[in-house]
Amino acid sequence: MSKLLLHSPHFTSIHGRTLSSLLILSSPHFTLSPLPALPFHRPSSLFLSPPPSPLRSFHRRTFSVRAFDSSEEETKGKAVGPEVNKIDDGGETFASLREDYPTGEFQFEEFSWWRKFTVKLKLLIAFPWERVRKGTVLTMKLRGQISDQLKSRFSSGLSLPQICENIVKATYDPRISGIYLHVETLSCGWGKVEEIRRHILDFKQSGKFIVAYAPACREKEYYLASACEEIFAPPSAYFSLLGLTVQASFLRGVLDKIGIEPQVVRIGKYKSAGDQLTRTTMSEENCEMLTALLNNIYGDWLDKVSSAQGKTREDLENFINEGVFQVERLKEEGWITKICYDDEVISMLSERLGMQKDKNLPMVDYRKYSRVRKWTLGLSGGKDQIALIRASGSISRVRSPLSVPSSGITAEQFIEKIRSVRESKRYKAAIIRIDSPGGDALASDLMWREIRLLAASKPVIASMSDVAASGGYYMAMAAGTIVAENLTLTGSIGVVTGKFNLGNLYEKIGFNKEIISRGRYAELLAAENRPFRPDEAELFAKSAQNAYKQFRDKAAFSRSMPVEKMEEFAQGRVWTGKDAASRGLIDAIGGLSRAIAIAKLKANIPQDRRVTVVELSRPSPSLPEILSGIGNTLVGVDRTLKVLLEELTFSDGVQARMDGIIFQRLEGYAYANPIFTLLKDYLSSL
């Protein structure tokens, strides 16, 4: 299991029902779950940015919803779905490329005089909280985590859909003169950064200004700021444009010292999650995969940033290799516009807008401007409706009563939304917006089935954000068309299974466990105090192989691809969106706007006709959110409060987080073991 670090913390996950559970892993994350479950795991959360790429697409015929036959003999050598046109490329056969998918690119159009008049009337009757002075500057502080979910007023943090909506509203709002961005250290993937960057470039078509202030800036932040017209930084700014790295961490040495033997079966040569437990060095396959990901990310960053700044790729690469950290050098060589403090930037903007010196520059922040309705600005949609269902976070089957609605994907609630869209005649198409590294296998399969049923009745487009791998990809492959960003992390079709043998640890600490059982394999998951017997190890490996075949064959069926071809692209390998597109794992490169354009095409809606995108995942304020919002306002204890509420709530598991690893422990099982808690505490203290 590789821990990938690109200038920002990367969290690997370990979910364990018991120490004797099945390890379900996806590079570089693994989970512990019962043996019968189909395993998924989380891909490496590489935090790098995808620049735009050629908007190409793959054509697949509409598939039928039928029972899935996982028999290898019957599917071997055959496409597991409808045939597609094939082309041969140097011996490799891929799905044929199509150029007829609409790009969904933004085109700014001036409002007609009548539309301008109606907007003025709407502004006159706007609610008090929608009132904004003419000539106001929209300010947004982009830092920390950015969620792909909508946020309620009680929630803290930034929301990608609300950031993008604010930029669109500011584009047409006659009261907004420009945007002033504060860009600091971001803790999100590059799919979200690319979406925001695309909206910045779209905003510039309006002729209004957009400038960035960057007091702390690394590669990701600079990629975002470079899309603005000007970049300002204080004299003491922290600039760290030094390049990107990938790191892999290994626990085998630690486990040996405390007497724990990991017994791991890896299905897929790129499945590196098990390596973190069983190896002390990186495998050749893992090194190959991580190197390819890093090359894609770094190459795209060099190309897009150098182009935005009017430099060559060689100029940027040479500058990085010099190890420049002085802000003065950045100014001298044209990488930033000016060295000045925040108040000086505001004064400069006031002067440009013709403000009197004794007058303050009118500004509206992100949170307040989010309350301005699109209807007020004449941006409401048309009669045709497209449903948008957001699926963000880890996948689980059920949610505890007090858990926060936006904390993950719950299969029960997600399926309810899918069924409501399928049964409704209001919606012409549906978009599933996915930002998930995976999770519960059964939940993923149940959602896959419901999405396929929906796709049989109306067009369904999957739109990938930062990551849609393992269980996240399982959901996406049920859609008729898959759209991803260039550097979305996806794929990860593979399985690693295993358990911990704690016999030596028990002996060291004087702990003893005796088991009375009936049934040849009854102790398979219960006896963590000894290694597998040969017959147990064989059954364990067969179960893992069967789980992998189910995942791989369903992927082949969903993507209309022969099993042998899917096997080449599976084996636990994580792909960027660009590489996944060239291998037929996704259909088109782009963001949510392109997914909407494709949905209109599939639903026979003219591209120039406005549609209403109906958010079905809008969060309602819950008790934890209300209390955490109040706590954040009063004493800043929102995070602590959420943890306490989760601890007091009955759920399938309680997560205890350490640096990069999540431990999950089920309380209600007879084989739940206190030694797992001791192990968690020990590792947490390292």
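The model is predicted, so local features need pLDDT of at least 70 and side-chain atom pairs count only at pLDDT 80 or more, while totals for chains, interfaces and linings use all residues. Residues are numbered from 1 along each chain as its sequence is written, and side-chain values use heavy atoms, with hydrogens and water left out.

**Exercise 1. Helix α14**

Task: Check the length of helix α14 (residues 441-455), then find what caps its N-terminal end and which of its residues are buried.

Solution: 
- Start with the definition: helices (H or I, at least four residues) and strands (E, at least two) are DSSP runs, numbered from the N terminus.
- The expected span of a helix is 1.5 Å times one less than its number of residues.
- For the 15 residues of α14 this gives 21 Å, and the end C-alpha atoms are 21 Å apart, so the two values agree.
- Now look at the N-terminal end, where Asp440 is the cap: a side-chain oxygen of Asp440 lies 3.1 Å from the backbone nitrogen of Leu442.
- Finally, apply the burial cut-offs: buried means under 20% relative accessible area, exposed over 50%, and partly exposed in between (1.4 Å probe, protein chains only).
- The buried residues of α14 include Met447, Trp448, Glu450, Ile451 and Arg452.

**Exercise 2. A pair of helices**

Task: Describe how α13 (residues 411-423) and α14 pack.

Solution: 
- Two packed helices are described by the angle between their axes and the distance between the axes.
- Axes are lines fitted to C-alpha atoms, for helices over the stretch in contact, and angles run from 0 to 180 degrees between N-to-C directions.
- For α13 and α14 the angle is about 5° and the axes are 10 Å apart.
- That makes α13 roughly parallel to α14, since angles under 35 degrees count as roughly parallel, over 145 as roughly antiparallel, 65 to 115 as roughly perpendicular and the rest as oblique.
- Contact means heavy atoms within 4.5 Å; among the residues making it are Phe414, Ile415 and Ile418 of α13 and Met447, Glu450 and Ile451 of α14.

**Exercise 3. The largest core**

Task: Which residues of the largest nonpolar core touch the most other members?

Solution: 
- A nonpolar core is a set of buried Ala, Val, Leu, Ile, Met, Phe, Trp, Tyr and Cys residues joined through side-chain atoms within 4.5 Å.
- The largest has 63 residues, and Phe239 and Trp301 touch the most other members.
- Not counting residues up to four places away in sequence, Phe239 touches, among others, Tyr222, Phe325 and Ile336.
- Another core, of 54 residues, lies apart from it and includes Ile432 and Ala468.

Key
Polar contact = N/O pair within 3.5 Å; in protein donor to acceptor, adjacent residues only side chain to side chain.
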